Amino acid sequence: MKHGSNPTDMSKSNDSQMVNNLPQRHRISWIWRLVFQVSTIVGIITLAALLYNILNSTFGYIVIETKVDPTSLTSSSLPVEELTKEQLITILKERISQGAFRTLDRQMPFDKRTRDEVYNLVWERVIKPDVKVTYSLVDSIIHKADIEATVAKDYPQAKLVFRSWLTPRFITTPQASVPLFAGVQTALLGSLWTIAITILFAFPLGVGAAIYLEEYASGNFINRAIQTNINNLAGVPSIIYGMLGLAIFVRSLEPITSGAFLGVVEDPTTANGRTILSAGLTLAILVLPLIIINGQEAIRAVPNSLRQASYGLGATKWQTVWHHVLPNAIPGILTGTILAVSRAIGETAPLVVVGASTFITFNPTSPFSKFTTLPIQIYQWTARPQDDFRNIAAAAIIVLLILLLALNATAILLRNRYSRGLA
Amino acid sequence: MNLTLQNFMSSISTESPSSNGKYAIEARNLNLYYGSFMAVKNVTLPIERQKITAIIGPSGCGKTTMLRSFNRMNDLVPSAHSEGEVLFMGQNINDPGVDPVEVRRHIGMVFQKPNPFPKSIYENIAWGARINGFRGSKSELDDLVERSLRSAALWDEVKDKLQQSGLSLSGGQQQRLCIARAIAVKPDIILMDEPCSALDPIATLKIEELMRVLAKDYTIIIVTHNMQQAARVSDFTAFFTMDEDRAGYLKEFGVTTQIFTYPHEKLTEDYITGRFG
């Protein structure tokens with residue numbers, strides 16, 4: 001600033017080397033702000049499009065034609081919905097072949113089946129509804145009149161009903177070959193079992209390895225090599241882990257993963273080791289590097305002053321780790337585990353290789369059961385040519401999203417509980 | 001006080017104070033290294049019992065490294081190693097057979113920045129006793145916590161909120177909590193690494209008063225940048241400086257009043273009069 005110049009006139013008081021470029025600098029900040037906003041908005045639009053797509057397929061009008069008119073089934077005036085179990089069994093006996101009836105009875109004796117199961121059988125085997133056309137949610141709302149006119153003209157026999165493919169029945173029914181009767185219970189339970197085994201193995205192993213690498217391992221060549229390899233493993237394509245799982249758990253450890261070592265092989269088809277246990281262990285090694293890396297980050301973030309304070313009181317290494325490092329790192333470790341488990345839930349490719357079943361209607365009952373999982377189920381349904389399989393795939397996607405949200409919410413609650421204990 | 005508590009206390013300071021001659025702890029021809037870098041060169045420093053010894057000197061002259069060699073905290077730095085002896089209770093604590101965990105139980109430490117555990121005030125004090133094998137009842141532990149907090153002149157301020165987090169206290173209170181935590185395990189020596197550098201003058205004054213009281217029972221070694229503080233609280237002063245290779249060494253050691261009034265060395269005089277450092 002030169003002597004004699006007016007100190008309040010800042011733009012002129014700068015000397016010649018300092019140009020007044022403040023407006024330009026503000027413009028640049030504004031442009032960058034805009035860039036960041038646009039990236040956020042693009043992300044939100046993508047997510048919204050995804051949700052729109054799913055919801056569009058989950059609800060909407062469908063056109064149903066039945067082979068047999070349900071009202072013709074009974075002589076009484078009662079509609080088929082209100083018949084007793086015995087009446088339903090009689091209908092079944094009359095309308096399907098004796099051989100087919102015996103087969104059903106062999107699969108599960110009729111006196112053990114509930115009334116609802118028999119009722120469903122009557123629909124599946126006798127009434128045989130057939131979905132002719134399905135309409136998306138948006139079409140159903142906007143072009144309602146058009147749809148009604150077209151259906152009345154093209155399918156005079158059929159009924160037009162508004163259907164939500166996502167119902168409580170959808171979640172509590174096992175897989176079936178007809179979309180109208182199919183449910184995701186088998187796949188949902190398969191996913192839960194698999195994830196439970198994944199967490200059971202990956203969490204303690206991952207946290208243990210993270211503690212060792214951060215607190216115990218010295219910086220020698222071997223430990224640095226291990227560290228580098230773990231970082232690289234986190235980026236290996238999941239199908240490779242599937243092949244690893246196939247080689248190790250399904251083939252080499254077959255006596256263990258099939259349950260043969262405990263003498264609990266469920267049925268001959270699981271004796272080859274293609275069980276929930278194999279799937280869970282495969283996903284566990286898939287997410288292990290993620291849990292280790294996130295765990296290490298969390299442990300590294302624990303202030304060193306805490307460790308020093310602990311050592312200064314005459315604490316051993318283990319006492320320091322157990323009483324101070326771990327409690328302070330656990331919120332971060334849990335966050336990392338949430339991310340890892342979320343990834344495991346959505347994995348499809350490795351489970352295809354390990355041998356998820358393509359079509360099973362029986363719920364898994366132990367780690368040694370055959371299995372399918374939600375993403376596998378969705379993948380198979382979307383691969384079908386019929387329209388109505390796409391609808392149940394969309395409904396299953398919603399179930400998968402809800403499952404993910406529920407798991408994340410649980411983990412966040414857990415994390416908050418631990419964090420509160422600290423501050 | 002009943003029997004269990006007494007057992008605990010006596011087990012913590014088993015050896016009698018007379019086993020190391022007249023000194024609480026003594027460094028003899030001590031060299032300290034970080035990798036190949038020599039941080040402290042050939043220091044011989046005897047520390048008197050139940051006195052406060054201040055270590056002063058310019059930045060980077062190895063004061064803190066020297067202090068941390070008294071309870072083997074330098075072990076936590078992977079590249080650090082030492083030559084020479086640190087005699088405590090007649091034994092060189094750097095001997096391979098000596099357990100550093102045992103050493104640190106007898107020689108406590110208070111750090112530059114207050115670092116209470118993120119636990120309750122009560123737990124901050126009780127934890128040290130528990131991990132060191134305290135087997136008394138709940139009321140005996142309560143007693144230990146109360147006496148430790150009283151010794152650190154903190155009891156009246158926190159007696160109604162023992163279950164609150166140690167982090168909810170002010171900086172000065174946190175530092176006194178750290179001192180209470182250190183004396184709860186009944187150490188022989190307390191090392192203080194610039195304990196007041198993060199505190200305001202009033203909190204500093206409280207800690208200094210506390211140190212004078214504690215010196216009746218404990219041997220205290222304090223590193224400080226504040227020469228007035230050294231002059232106010234310490235009985236002995238060790239002046240460190242560094243040579244042309246940046247290795248710290250002991251330039252002058254003596255009674256504090258002598259160091260601050262008639263220093264033998266020109267360099268000491270220059271430093272305490274503020275001409276360098």
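Reply: Two strands pair if DSSP finds at least two bridges between them. Helices (H or I, at least four residues) and strands (E, at least two) are DSSP runs, numbered from the N terminus. The model is predicted: local features need pLDDT of at least 70, side-chain atom pairs count only at pLDDT 80 or more, and totals for chains, interfaces and linings use all residues. Residues are numbered from 1 along each chain as its sequence is written, while chains are lettered from A and ligands numbered from 1 in the order in which they are written.

Me: How many helices and strands are there in chain B?
Reply: Chain B has 277 residues. Its helices number eleven, and its strands number ten.

Me: What radius of gyration does chain B have, against that of a compact globule?
Reply: The radius is taken over C-alpha atoms, and the globule rule is 2.2 Å times the number of residues to the power 0.38. The C-alpha atoms of chain B fill a box of roughly 55 × 45 × 35 Å along the principal axes. For 277 residues the rule gives a value near 19 Å, so chain B agrees with it at 19 Å.

Me: What radius of gyration does chain A have, against that of a compact globule?
Reply: Along its principal axes, the C-alpha trace of chain A spans about 110 × 65 × 40 Å. A compact globule of 423 residues would have a radius near 22 Å, but chain A has 30 Å.

Me: What percentage of the residues of chain A count as buried?
Reply: A residue is buried if 20 or more other C-beta atoms lie within 10 Å of its own, exposed if 12 or fewer, and partly exposed in between; C-beta atoms are placed from the backbone. For chain B the buried share is 46% of 277 residues. For chain A, with 423 residues, it is 32%.

Me: What is the order of the open sheet in chain A?
Reply: Strand β1 (residues 59–66) of chain A runs antiparallel to β3(A), with six bridges between them. One bridge partner pair is A:Ile64 with A:Lys159. β2 (129–134) and β3 (159–164) of chain A are the edge strands, each pairing on one side only. The three strands, antiparallel in their pairing, therefore follow the order β2-β1-β3.

Me: How many residues of helix α10 of chain A are buried?
Reply: α10(A) covers residues 221–233, which is 13 residues. Its expected span is 1.5 Å times one less than its number of residues. That comes to 18 Å, and the end C-alpha atoms are 18 Å apart, so the two agree. The helix is hardly covered: its buried count is zero.

Me: Which residue in the turn between β9(B) and β10(B) has a positive phi?
Reply: The two strands form a hairpin with five residues between them. A phi of about 65 degrees belongs to B:Arg246.

Me: How many residues of strand β9 of chain B are buried?
Reply: The strand runs over residues 236–242, seven in number. It is largely enclosed by the rest of the structure, because its buried residues number six.

Me: Is B:Thr219 buried or exposed?
Reply: B:Thr219 is found in strand β8 (residues 219–223) of chain B. The C-alpha atom of B:Glu48 is 7.3 Å away, though 171 residues apart along the chain. B:Thr219 has 23 C-beta neighbours inside 10 Å, so it counts as buried.

Me: How many residues of chain A are in contact with chain B?
Reply: Two residues are in contact if their C-beta atoms, placed from the backbone, lie within 7 Å. On the chain B side, α3 (100–106), β6 (107–110) and α4 (121–131) each supply at least two residues. Chain B contributes 21 residues to the contact, and the count for chain A is 18.

Me: How many nonpolar residues does the side of chain B that touches chain A have?
Reply: Ala, Val, Leu, Ile, Met, Phe, Trp, Tyr, Cys and Pro count as nonpolar, Asp, Glu, Lys and Arg as charged, and the others, Gly among them, as polar. Five residues on this side are polar and four are charged. The nonpolar residues number twelve.
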